[in-house]
Amino acid sequence: MRYSQLLAPTLREAPAEAQVASHVYLIRAGFIRKLAAGVYSLLPLGMRVVQKIERIVREELSRAGAQEVLLPMVHPAELWQESGRWQAYGPELLRIKDRKGAEFAMSPTAEEAIVDLVRRDVKSFRQLPLCLYQIQDKFRDEMRPRAGLMRGREFIMKDAYSFHTDDQDAAREYQNMFDAYSRIFSRCGLEFRAVEADTGAIGGNQSHEFQVLAASGEDAIVACDQCQYAANVEKAELRRPKVTTAAPVRALEEVHTPGVGSIEAVAGFLGEPLDKFVKTLLFVADGECVVALVRGDRDVNEVKLKAALGVTMLELATDRMVTDVTHAPVGFAGAQGLSIPVYADPEVAALAEGITGANKGDHHVRGFNLGRDVPHAKVVDLRTAAEGDPCARCEDGHYRAFRGIEVGHVFFLGTKYSAPMKCTFLDAQGKETVMPMGCYGIGITRIAAAAIEQNHDGDGIVWPMPIAPFQVEIVAAGKEPDVAETSGALYRELTAAGVDVLLDDRDERPGVKFKDADLIGIPVRVTVGKKGMAEGIVEVKRRRGGDMEKVKIADAAARVRALVAEGMSVGGGARA
RNA sequence: CGGGGCGUAGCGCAGCCUGGUAGCGCGUUCGGUUCGGGACCGAAAAGUCGGAGGUUCGAAUCCUCUCGCCCCGACCA
């Protein structure tokens, strides 16, 4: 490609709306332009990156035995009503009507569509297992799209769905996809980590997220410094405290705490540290009121609480409900004496004498002991894991905290969709059986953003070779005929050899070309200039911190091809 | 959905408080000089001031409503 023909409008200044590196550079370097909130057009450079990522995904999924299909993006409402998600999905599902008033959804994911396809034509165990995937635009009407391609409303996703005769085979495919994903992200040149993730109301513990490590990541993850355990903090298990049930030390004693409701305020008023307090929170879980207890210096992890309760809807109780249940204003609740279910974190059970609300305005109690005062409490892990916590899976490991960008998710679905939608087959005994399923997603456009978060400097993007829009950029630095001839010849030679080359043949000053080259981030840059011509050399430089090397014109193509080969073979850190 | 902020030329911004000819930088076009890290000089094109209504002799500026966008939070396969 000749730069003079390329639509790559670079900007000296970034639009005010861009906050994170990938967003700023994708716009400044002319990869994307915004059409609406969370909705972006891909320009030629952006399209090339997406195509490179897609190619890697297709190669690895094909190698893993999956077959590509293309499902519609517009789904009839009836399909979603059948699975129950027309109601359950909420406002994130963009609903539209056709001219006859019939309702449709813009697909945010395609379980219903794929199940409908498979149930029509797959009837025998002989046709299983089956793993089908598509690469397609998705639309999710996110409350808060942000950071360009990182969290858009419309985005490109690879979604795969597998169908099996039994759970064992589904588990095999889960591992198969896990391995394929590891290869895909490695080949994209990403430093990533597979972490255990929450499975929501679906159950089981078969879910992993693939997280690209980056400070700007939206997800918090922890990883053990000793063993292989790594998990999203929403899910991360915690080692049980050594003291599981502390013996009571003293009787409950009411103390007057006028006007101080929050834990911090009471702690300051009484001069006691936060970890001596018991935080009492009331939740409404599937319509029923429950109490959750964590230590004063901790927060309730609602994902864990939801999992412990086995409910789908969980929200903090209103002030009114708190008053009705505790007969005290918000801020003075205590679990003792309440007749509703109580769930307590192990750290609360380990407190011999805690301080908590007295269920009486302007009063707290000292000497709270869970075992004595709330004997019916269920002790379950309720708090979010943090840096430094002891690992739940090994003896002496501790957690280190990371930020991550979720670029992939593998999931064991079971029969969540296949059962209500009657996706069944006849097994070898002629018995009708529901197919267990798995689903596996990869955010294609998000990979592009994540790669930039992980690979950029103050001058611009530093693309990993495998997903760079071009592998090599030749900068023609000068107007002399021999500069044009040499750069043109090198361009033709490399292109003929199958290298993706961008030749900057624009009528611009060298400084402009260098700045644009750094901004766009092509991994290998060849400068053909007047001075070099006199010596019979060109300059070859890696975008990523490499020194400039002078290479004889005759050797230039070979040297560049070696650098390209080196860049294509370097895998990322597959440290699952 | 709650809190905060912003909509003025393609991009970045000033002007608004205190109403009176719409400005600056970058970019774009033309001419010239330059030519190895975003050149310089000269000329030019380009804006319904997000939209609607109101106040006023007069509104980018004041008031009301509305739409869009960004950030924080909540939420989230």
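This is a predicted model: local features need pLDDT of at least 70, side-chain atom pairs count only at pLDDT 80 or more; totals for chains, interfaces and linings use all residues.
A residue counts as buried when its relative accessible area is under 20% and as exposed when that figure is over 50%, with partly exposed in between.

**Aromatic rings**
- The count of aromatic pairs comes to nine.
- Tyr229 and Tyr399 make up a tilted pair, with 6.2 Å from centre to centre and 40° between the planes.
- Tyr229 sits in the loop between strand S11 (219–224) and strand S12 (230–232), while Tyr399 belongs to strand S21 (residues 399–414), so this pair ties together parts that are 170 residues apart in sequence.
- There's also a cluster, in which ring pairs link Phe178, Tyr181, Phe185, Phe192 and Phe210.

**Charges over rings**
- Arg95 lies over the face of Trp86, 4.7 Å from the ring centre.
- Tyr3 has Arg506 over its face, and here the distance to the ring centre is 3.7 Å.

**Helix H6**
- H6 runs over residues 167–187, which makes 21 residues. From first C-alpha to last, H6 reaches 30 Å, close to the 30 Å expected at 1.5 Å a residue.
- At the start of H6, a side-chain oxygen of Asp166 comes to within 3.2 Å of the backbone nitrogen of Gln168.
- Just after H6, Gly189 takes a positive phi of about 80°.
- Buried residues of H6 include Phe178, Tyr181 and Phe185, and these three also take part in the ring cluster.

**Cavities**
- Two cavities of 30 Å³ or more turn up in the structure.
- The largest cavity holds about 70 Å³ of space.
- Its lining is made by Glu473, Ala517, Asp518, Ile522, Val524, Arg525, Lys541, Arg542 and Arg543.
- Helix H14 (510–520), strand S29 (524–529) and strand S30 (537–542) are the elements that give two or more residues to that lining.

**Around strand S7**
- Lys138 is part of strand S7 (residues 130–139). Buried or exposed? Lys138 counts as buried, because its relative accessibility is 0%.
- The Lys138 side chain has a partner: it makes a polar contact with the side chain of Asp159, at 3.0 Å.
- Pro129 lies in the loop between helix H5 (111–121) and S7, and the peptide bond from Leu128 to Pro129 is cis, with omega near 0°.
- Ala147 sits in the loop between S7 and strand S8 (154–163). Its phi is near 60°, a positive value in a residue other than glycine. With a relative accessible area of 17%, Ala147 is buried.

**Other loop residues**
- Lys422 is in the loop between S21 and strand S22 (424–426), and its phi is near 55°, again positive in a residue other than glycine. Lys422 counts as exposed, because its relative accessibility is 60%.
- Gly478 is found in the loop between strand S27 (472–477) and helix H13 (481–496). Its 37% relative accessibility is why it counts as partly exposed.
- Gly478 and Glu508 are 30 residues apart in sequence, and their C-alpha atoms are 8.8 Å apart in space.

Terms used: Residues are numbered from 1 along each chain as its sequence is written. Chains are lettered from A and ligands numbered from 1 in the order in which they are written. Side-chain values use heavy atoms; hydrogens and water are left out. Helices (H or I, at least four residues) and strands (E, at least two) are DSSP runs, numbered from the N terminus. Buried means under 20% relative accessible area, exposed over 50%, partly exposed in between (1.4 Å probe, protein chains only). The expected span of a helix is 1.5 Å times one less than its number of residues. A polar contact is a pair of N or O atoms within 3.5 Å; within protein, one must be able to donate a hydrogen and the other to accept it, and residues adjacent in sequence count only if both atoms are side-chain atoms. Rings of Phe, Tyr and Trp (its six-membered ring) pair if their centres lie within 6.5 Å; planes under 30 degrees apart count as stacked, over 60 as edge-to-face and the rest as tilted. A charge sits over a ring if NZ of Lys or CZ of Arg is within 6 Å of the ring centre and within 35 degrees of the ring normal. On a 1 Å grid over the protein atoms alone, a cavity is a set of points where a 1.4 Å probe fits but cannot get out, and a pocket is an open set with protein on both sides within 12 Å along at least five of seven lines; lining residues have an atom within 4 Å of a point. Grid points are joined across faces, edges and corners, and a volume is the space filled by probe spheres set on the points.
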